[in-house]
Structure formats: C-alpha cells, structure tokens
Amino acid sequence: VAEVKSAHALGIRVVVLFPKIDEHLKTPDGAECANDSGLVPTAIRAIKDACPDVCVITDVALDPYNSDGHDGIVVREGDHLKILNDETVAVLCRQALCHARAGADLVAPSDMMDGRVGAIRFALDEEGFEEVGIMAYTAKYASAFYGPFRGALDSAPKEGDKKTYQMDPANVREAIRELLMDEQEGADIVMVKPAGPYLDVIARLRDETTLPIAAYQVSGEYLMIKSACSGGWLDEKAVVMESLLGIRRAGADMILSYFAKEAAGWLKESHI
C-alpha cells in the first residue's frame, strides 16, 4: 500500500501485482492461486481501500504457486516434462475469478497456454464480471532477460525450460497469429514481452491491430541499465527516458517498467 501511494503521488494510476509465494504453499497444481484469502486478493483489497482510483492489474499464471516453477501444470513423460494445457486453463480461470472477486480491474494471463483468453473471458462473464478486462501476454518470448525477476520471486523452473509454451525469439510471424487469436477470444489489451529487444514485434503488431498494445520492459533490461549507470558509464535519466521513448515510438500505448516511478518523477519535473 505504501508503494502504491508513493506511485500515486507521482501520477501513476495503474499497478501490476506479482506475488512471491511462501514455499510451503506451492503445490504441483498451484491450487493456492485461487485462495480468496491469499496474498494477491488480500493485496488487491488493501490497495483498493487505500487508493480507489488506482487501476489494479494482476498476473494470472501458475509459476509463483507451482512447486515445479512452470506457468502451468506439468507431468513427467519419460525423460521430459509435458505441460497440460487444458488442465492449466481450468485453474487459470479459477485464479482470474479469485482476483475479480477481490476487485481487480484487469487480469493479465502470462502463461501462454492455448485458448486461455477465451476461457477466462467466458468464466468472468458467467460470474458477472463483464467489466473486468483482460490484458493478454500475446507475444511472450522465451527470453534470457527474465533472470533477475525469477531470482527475486524464486519462480524459475526446477527442471527444464519454458520453450514449449513461450515463443521462439526468432519467430515474428507467430506473434501475429497469437494476436489474431487473442483478439478473437476477447482480449482488451495485447502485450509484447520483453520490450527493448522486440521493438520490431511491437511495430508489427501495431500495424495489425487497433487494440491498445502494452510492452513490458523486463527485469533484465532494467538491471542492465542500472548496472551500467551505477558504474558511471551511462547517464541514468537520459538512458531510461530514451529506452522508454524507443518502446513508445515502436507503437506501444503503455509500458510496464521498473523505472515507472523514476520516469514519472522526471516527467513531472520537466512539466514544471
């Protein structure tokens, strides 16, 4: 709540919540994700009580809750792990409903399971949450830039990787196919992640849709800039603002960034 109030004072009106779940609550089916008394719904209610006009977006995926560290339910097949798409989607619907009941304005499925946007839209509508929006992680690439985030939340896969459900960094055409599916299934906002290394993907999607496009400047991008600036090699304000401008120029309507508070403060100063 204190962090949200601090951001609110700088003019930030949208926050996204990512949980760090206690290890003893993690299970192979990620059941804790739909606990109405859990960390995320508790945080949503507290934020809404303190700052009613802040738009709260929540992450919908199982990796923070899954003892395997994957975005969905996995089973072993010989030497390999297999993701169970449909079983995962059913749990994600329960998670999205849990967040909606707590007061979330938008849910953001980041799992990359097939068909999850349509299933979540149907589940929300059936329960009377027609006005809760969906910000879909439409083009989420199997990127090496997520490392600091996974380390902070202890949510890295315990075995294997996420390349069977996240996207191939070499493939831009798949992003367009995912966009068309998410649009058809009822997404309100589509997202590209990461942002900086995928400016071309943002631009391609901008040409293909009239929906708002979000872009996520991820933890690895943040830490690279922070590290270079702390070593005196770069001017932090100038580089941060240039990096955000590049994302905006590529076609993003909104940017998720760990620099949000700093950028908001700098923008406020420049308008005085």
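Predicted model: local features only at pLDDT ≥ 70, side-chain atom pairs only at ≥ 80, totals over all residues.
**Helix 3.** I looked up the length of helix 3, residues 85-102. At 1.5 Å a residue, its 18 residues should span 26 Å, and I found its end C-alpha atoms 26 Å apart, so the two values agree. I then checked burial: 13 of the 18 residues are buried, so I noted helix 3 as mostly covered. Past its end I read Gly103, which follows helix 3 and has a positive phi near 115°.

**Helix 6.** I ran the length check on helix 6 as well. Its 13 residues should span 18 Å at 1.5 Å a residue; the end C-alpha atoms are 19 Å apart, which agrees. Which residues of helix 6 are buried? I listed Glu174, Ala175, Ile176, Glu178, Leu179 and Asp182. Their cover includes helix 4, strand 6 (133-140), strand 7 (189-193) and helix 7 (199-208). Just after helix 6, I noted Gly186 with a positive phi of about 110°.

**Cavities.** I searched for cavities of 30 Å³ or more and found three. Helix 4 (116-126) and helix 6 (173-185) each supply at least two of the lining residues. Which helix gives the most to this lining? It is helix 6, with four residues.

Notes. Residues numbered from 1 in each chain as written. Heavy atoms only, no water. Expected span 1.5 Å × (residues − 1). Buried < 20%, exposed > 50% of the residue type's maximum accessible area, 1.4 Å probe, protein only. 1 Å grid on protein atoms, 1.4 Å probe; cavity = no way out; pocket = protein on both sides within 12 Å on 5 of 7 lines; lining within 4 Å. Points joined across faces, edges and corners; volume = space filled by probe spheres on them. Contact = heavy atoms within 4.5 Å.
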